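Student: Please show me the model. I would like to go through it by question and answer.

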Amino acid sequence: MLVPARKLSEELEGWLRESGLTKSPDVRGVIAPHAGYSYSGRAAAYAFGNIDPTNITRVFLLGPSHHYYTSKCALSTATVYKTPIGDLTIDLEVIEELKATGKFELMDIRVDEAEHSMEMHLPYLAKVFEGHQVKVVPILVGSLKAESEAMYGQLLGKYVDDPQNFFSVSSDFCHWGSRFNYTHYDKKHGAIHKSIEALDRIGMDIIETGNPDAFKEYLLEFDNTICGRHPISVFLHASSQVEGNNARVIF
C-alpha cells in the first residue's frame, strides 16, 4: 500500500501546485467534484488549493446520497475516516450536538463506506490539512424538500459563523445525455459541450451570490442535473443565516 499511497500524495501535491493558487483565509467553503481523480482530480485542485488551513480546526463535509434514499440528512457513526494519505478524526462532539436536534438520522456503516461523494474529498482534505489538527463532520444530504433545505441550513448557520469551521461541499454539475434523461441544448452557444458549460456557469454565478432562492429558481427553470443540488442548497441557506457574511465559496 505504500507505493499507491505515495503516488496519490504526489499526484495531489502536483495538481495543487499546478493550480498556482494563493491560499486565502477568506475562503470558508469549497464546492468540489467527486468523480474519479482521473476525470476530476486536477479540476478539484482549483477548489482545494484555495484553502488556508492555518486557523481551521473543523471541516463540515456535505455530500449527496447516490445509493441510499432518505428525505433527511444523515450523520456518520464512524469515529475516524482512514485515507491513504492520513486519518481524519470525526468530531464526535458536534455529531452529538446535531443528533440532539432530532432532525438527523444515522448512517449505517455500509452506507457510509459505499458513498463516494464524500469519500473523494477525503484524500484532498487529508493532504491540505497535513500537519494540522482538524476534525471532520460528515453529513450525508438526502433528497430534501425546499423547506428541509432551509431547516438544515438554519441548524448549520451557527457553524458557518465560526471562522474556525470550514465547509467542503461535494457536487458534480451537469450530467448530460440520454442515460441521465437530460439533453438540454442551447444552439446559440455552438457545440453541445459549450452549451453545457454555459448552463453550468449560470448556476455557478448564482451560487456565488449566496442566494438560495435564486439557485432554486435556476434549478426550476433549467432542471440541471447537479447531483449535489441539495448539499449546495443547504450550505447556501446556512451561509445566509450569518449577518454580513463575506466568506468566499470556491469551485
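Student: Where does D186 lie?
Tutor: This is a predicted model, where local features need pLDDT of at least 70, side-chain atom pairs count only at pLDDT 80 or more, and totals for chains, interfaces and linings use all residues. Residues are numbered from 1 along each chain as its sequence is written, and side-chain values use heavy atoms, with hydrogens and water left out. Helices (H or I, at least four residues) and strands (E, at least two) are DSSP runs, numbered from the N terminus. D186 sits in the loop between β8 (165–170) and α8.

Student: Is D186 buried or exposed, or in between?
Tutor: Buried means under 20% relative accessible area, exposed over 50%, and partly exposed in between (1.4 Å probe, protein chains only). D186 has a relative accessible area of 26%, so D186 is partly exposed.

Student: How far apart in space are D186 and L199?
Tutor: In sequence, D186 and L199 are 13 residues apart. C-alpha to C-alpha, the distance in space is 8.8 Å.

Student: How are α8 and α9 oriented to each other?
Tutor: Axes are lines fitted to C-alpha atoms, for helices over the stretch in contact, and angles run from 0 to 180 degrees between N-to-C directions. The axes of α8 (residues 192–209) and α9 (residues 212–222) come within 9 Å and cross at roughly 160 degrees. Angles over 145 degrees count as roughly antiparallel. So α8 and α9 are roughly antiparallel.

Student: Which residues of α9 make the contact with α8?
Tutor: Contact means heavy atoms within 4.5 Å. From α8 come L199, D200, I202, G203, I206 and I207. From α9 come A214, F215, Y218 and F222.

Student: How are α9 and α10 oriented to each other?
Tutor: The axes of α9 and α10 (residues 229–240) come within 9 Å. They cross at roughly 155 degrees. The pair α9 and α10 is therefore roughly antiparallel.

Student: Which residues of α10 make the contact with α9?
Tutor: On the α9 side are P212, F215 and L219. On the α10 side are R229, I232, S233, L236 and H237.

Student: Which residues touch the most other members of the largest nonpolar core?
Tutor: A nonpolar core is a set of buried Ala, Val, Leu, Ile, Met, Phe, Trp, Tyr and Cys residues joined through side-chain atoms within 4.5 Å. The largest has 72 residues. Those touching the most other members are F48, I139 and L156.

Student: Is S19 buried or exposed?
Tutor: S19 is in helix α1 (residues 2–19). Leaving aside neighbours within four places in sequence, S19 is in contact with A45 and Y46. The relative accessible area of S19 is 10%, so S19 is buried.

Notes
Angles under 35 degrees count as roughly parallel, over 145 as roughly antiparallel, 65 to 115 as roughly perpendicular and the rest as oblique.
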